Amino acid sequence: MGFENLFLGFQVALSPFNIFIAVVGIALGTIIGVLPGLGGANGVAILLPLTFTMPPTSAIILLTSIYWGALFGGAITSVLFNIPGEPWSVATTFDGYPMAKQGQGGQALTAAFTSSFVGAWFSIVLITFFAPVLAEIALKFGPPEFFAIQLLTFSSFVGLGGGNPLKSLVSILFGFMLASVGLDIVTGQLRLTFGFVDLMKGFNFIVAVIGLFGVGEILLSVEEGLRFQGARAGMNTRVVLDTWKILPRYYRTFVRGSFIGFWMGFKPGGATPASFMSYAFAKRFSRHPERFGKGEIEGIVAPETAAHSAGVAAMLPMITLGIPGSPTAAVMLGGLIIWGLQPGPMLFKEQPEFVWGLIASMYTGNVIGVLMVLACVPFFAAILRIPFAILTPVIVVVCAIGAYAVNNAMIDVWYMLIFGVVGYVFKKLDYPLAPLVLALVLGDLAENALRQSLIMSQGSLGIFFTRPIAAVITALAIFFFVLPLVTPWWRTRRGAAATAATPRGH
Amino acid sequence: MNVLVALVSILFLVTPAAAAWEPTKPIEFVVPAGTGGGADQMARLIHGIAEKHKLSPRPIVVVNKSGGAGAEGFLHVKGKKGDAHTIIITLSNLFTTPLHTGVPFNWKDLTPVARLALDQFILWVNAETPYKTAKEYAAAVKEKSGQFKMGGTGSAQEDQIITIQLEQALGVKFTYVPFKGGGEVCVNLVGKHVDSTVNNPIECASHWKAGRVRPLAVFDTGRIPEPDWKDIPTVKDALGADISYNMLRGIFGPPDMPKEAVEWYVAFLKKVYDTPEFKEYLSKGALKPAFATGAEYVKWVEGAEQLHKDLMTKGGLLKK
C-alpha cells in the first residue's frame, strides 16, 4: 500500500463522468434517505440493474453515493418531523426534534450533517491506511465477541432514562417480544406467528419506528394543538456558519462517536447500535445530562458522528473479506459478482484500480454530499414554515408510503398505524420509547449471537470470559450495568465526606 | 416507481392481438430469500441481462419475500392462481421449509418453468489446520467426536442436511452452528470460530485464493470441470462415502399459469441463459449449467423432493 495507490484512485474518482455519477447518486440517495422505509438497501437494489452497462468503478461509485446520500438524508426527517428516515437516525430524533420545535431546525440539521461528515472522514482515513490490519482484527470477532458488543450497547443505556426503571423494563421486554416474532434461525422454526403468513417475516424495525415516533408524535400534536415554532426561525442563510462556531466545543463527542462508530460498523447492523451507544456515552459524560432530550446539540452530534462512521466502516469487511457489514453492503456485494469481480481478500491485489477508486470516491463522495445537503439547510428548515394543518397530512402520507416501501406490503401500513397508537399510549403514560426500539433492533442480533456462542461452547457461559476480546468487552458491559447501582452509593459517600469538609458544598 | 411503471403499461395496453403471448404489465420476480444471497444475486442478474439485451417488453421488478425461511414468498406466489406476471426463483428451501416448519405449500402447487443451474457444495477447513485431505480431517473428528464445529447457513436447510449425511456416513458427530448467510459462514471459518464448513464454491472462492481456507472434497458424483476447481476430489474418492447434493436454482410460476405464458418465460430464460454474462457468472461461481424445462425439469424436482424427504427423515429434521 502507499500513496501512489490512493493517487491512482483519485485519478479514477475525479474523472468528470465519475463526479457526475457521484452527484446524481447523492441526490437520489438523499431522497431515499428522506423517505422513511425506502432505505439505502432498497434504493441500491432498485438501481443495481442500471449499473450493468457501466464500468465497475463507476457502478460502485453510483451505488456508494446513493448510500452516502441516504446516510445524510436520514437525519432530515428525524430532525424536522421526529420520523427517522433510517434506523440509525432514531437517536437523532431525541434532541433534533426538540430543537426544531424550538425554531432551531437549521442549527440541528447543520450539526447533523457536519457530524456525519466528520464521522465518515474518520473512518475513511482509517480504511485508507489500515484496511488489511483492520480486516485481520475484524476476523477475530466471532459470535461471542459480537454478543459482548450487543451487551455493551444495552448496558450503556441502562439507567440513562432517568424515569421509572420499571417502565423502562416493560418497554425493553415489549421490544424483545416483538423482536422474537418470525423465524428462529437457530432451530429453523417459526415463533409467535399463530399461523398468520403476515407475521412470518416478523416486525420490521423501520415500520415500527415510523409508527412509534412519527405517527405517535402526530397523534400527540393533534391532541395538544401543538404548533411548530419553525416560522419564527426565519430563513437565515448564515445558520450554517453560526452553528460551525459552536461545534468545535464538542470535539470530545466527535472523537468518541467516530471511534464507537468505526468499531461497531464492522459487523452487520452496526450503525444503529453505534448511534445509540454514542448518544448514551455522550449523555453519561456530559456536564449537563439533564439537557439531553430537550434540544441539546451534543445529542445530535453524538449519534450522527457514530452512524456515519459506522456506515463507512461497513464497507471495510465488504472490500477486504467479501462479507457485507450492512444490508446495503450486501446488495453491493451482489453487484460486484454481477460486474464480474470476485469480492474477498484478493480484490485489493487483483483489482487495485477498482478498490482504490472506491476508497478515493469515499472522500470525494462525502465532500460533495456534505456540500449539497448543507446548501439545502435553509430550504429544509423552511419546510417547517408550512402550516401544521397542511404539513401533517403530507407527513402521514409519506409515512404510509415509507412503511409500504419496506416490503411492498399493505400490512406494514396497518402495522405502522398500530405502532402509532402504541407510541401515543406510551408517551401518554410516560413509558420511554427508546428501550423498546433498542430491544427491537438488537434483540434478534443479540439472541442469535448468544445462542451461536452457547452452541460453540456446549452451553458454557465461560466462552464470554475466556476469549480475550470478548472478555474485555463483557467486563466493560458488566461495569456499565453495575454503575447505576453503585453511583448513588458513591455519591452519598463522597457527598458526606464533602459536607464534612466544607459545610456549604452540595 | 411501481405506480409510474403501471401508468406507462396502461398507455401501451393497446397492443395488437399477436399470436404469441407477451407480458402486458411489469413482471414481479419473487426472491424467497434476503437481499445479497445467491438466489437474490441470480434474480438481479437475470433482471440486469434482460434490461441490457432488451429481452422483455415489460420491466421486471425483483421483490424479496424472505419471511419464514422463504415461506412468505412461496405462499405469496401460491395465492396468485392463474397469474401470468409473477415468477419465483427457488433454492432448496422449496423442499426444506415446508418439511421442517409445516407451512402448507409444495412445489406441486406451483407451475415449473425452467431449471437454470445447480449449485455445488464443498467441505472446507481453515488453511492453517494440519488436515490436507478429507481422510485426515475425518480421522481427527472421529477421535474427538462432538468437539468439532461445523458452520452452516440456517437450520434444517441444505448445509445441515449435508452435515448430517456426513455424520451418518462417517459415524461421527459435529456441533452444528447456524449462521445467517453463506459469506458470514466462510468468514467465521477464516477467523477460526468454526472448524469446517460446507460452503458453496463462490462463497469461499476468494478466501481460498488468498490462502486462508482449504477445500477437501466436493459433495457430488463428479469433480467440478472448471480449471480452478478440478483438482478437488469427490467425497466418494476422498472418503469412500457416497454423498452427493446439488442445490436447485430454478424458476417457477403461480398455480395454473397459462400455458402460453409458460412458453414465453421458457424462451425468455433460455435467451438469458445463452448470454455471455450468464455463462460467465456460472463459470465464476462454479455453478453447474443445467438448463431444463418441461417433463425433464418436473422429473428432476420429483427426485429432489424425495431425496429431501429421505434425508430429513433420517436426520430427524421433519416437523413433529
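**View 1. Where chain A meets chain B in this predicted model.** Here you can see the contact between the two chains, to which chain A gives 45 residues and chain B gives 45 residues. On the side of chain A that touches chain B, the elements giving two or more residues are the helices α3 (40–47), α16 (327–338) and α22 (434–456), together with the strands β1 (182–184) and β2 (189–191).

**View 2. The largest nonpolar core.** This core has 264 residues, and L109(A), M416(A), V437(A) and L440(A) are those with the most contacts inside it. Helix α4 of chain A (residues 56–81) supplies 16 residues, the largest share. Chain B takes part too: domain 1 (26–119 + 246–315) and domain 2 (122–239) of chain B each contribute at least three residues to the core.

**View 3. A closer look at V437(A) and its contacts.** Setting aside neighbours within four places in sequence, V437(A) is in contact with V90(A), G175(A), V209(A) and L212(A). V437(A) is also among the residues with the most contacts inside the largest nonpolar core.

**View 4. Helix α14 of chain A, from end to end.** This helix covers residues 298–313, 16 residues in total, and spans 22 Å from its first C-alpha to its last, close to the 22 Å expected at 1.5 Å a residue. Because 16 of the 16 residues of α14(A) are buried, the helix is largely enclosed by the rest of the structure.

Notes: Residues numbered from 1 in each chain as written. Chains lettered and ligands numbered in written order. Predicted model: local features only at pLDDT ≥ 70, side-chain atom pairs only at ≥ 80, totals over all residues. Core = buried A, V, L, I, M, F, W, Y, C linked by C-beta atoms within 7 Å. Buried ≥ 20, exposed ≤ 12 C-beta atoms within 10 Å, placed from the backbone. Helix = DSSP H or I, 4+ residues; strand = E, 2+ residues; numbered from the N terminus. Domains from an automatic or database assignment. Contact = placed C-beta atoms within 7 Å. Expected span 1.5 Å × (residues − 1).
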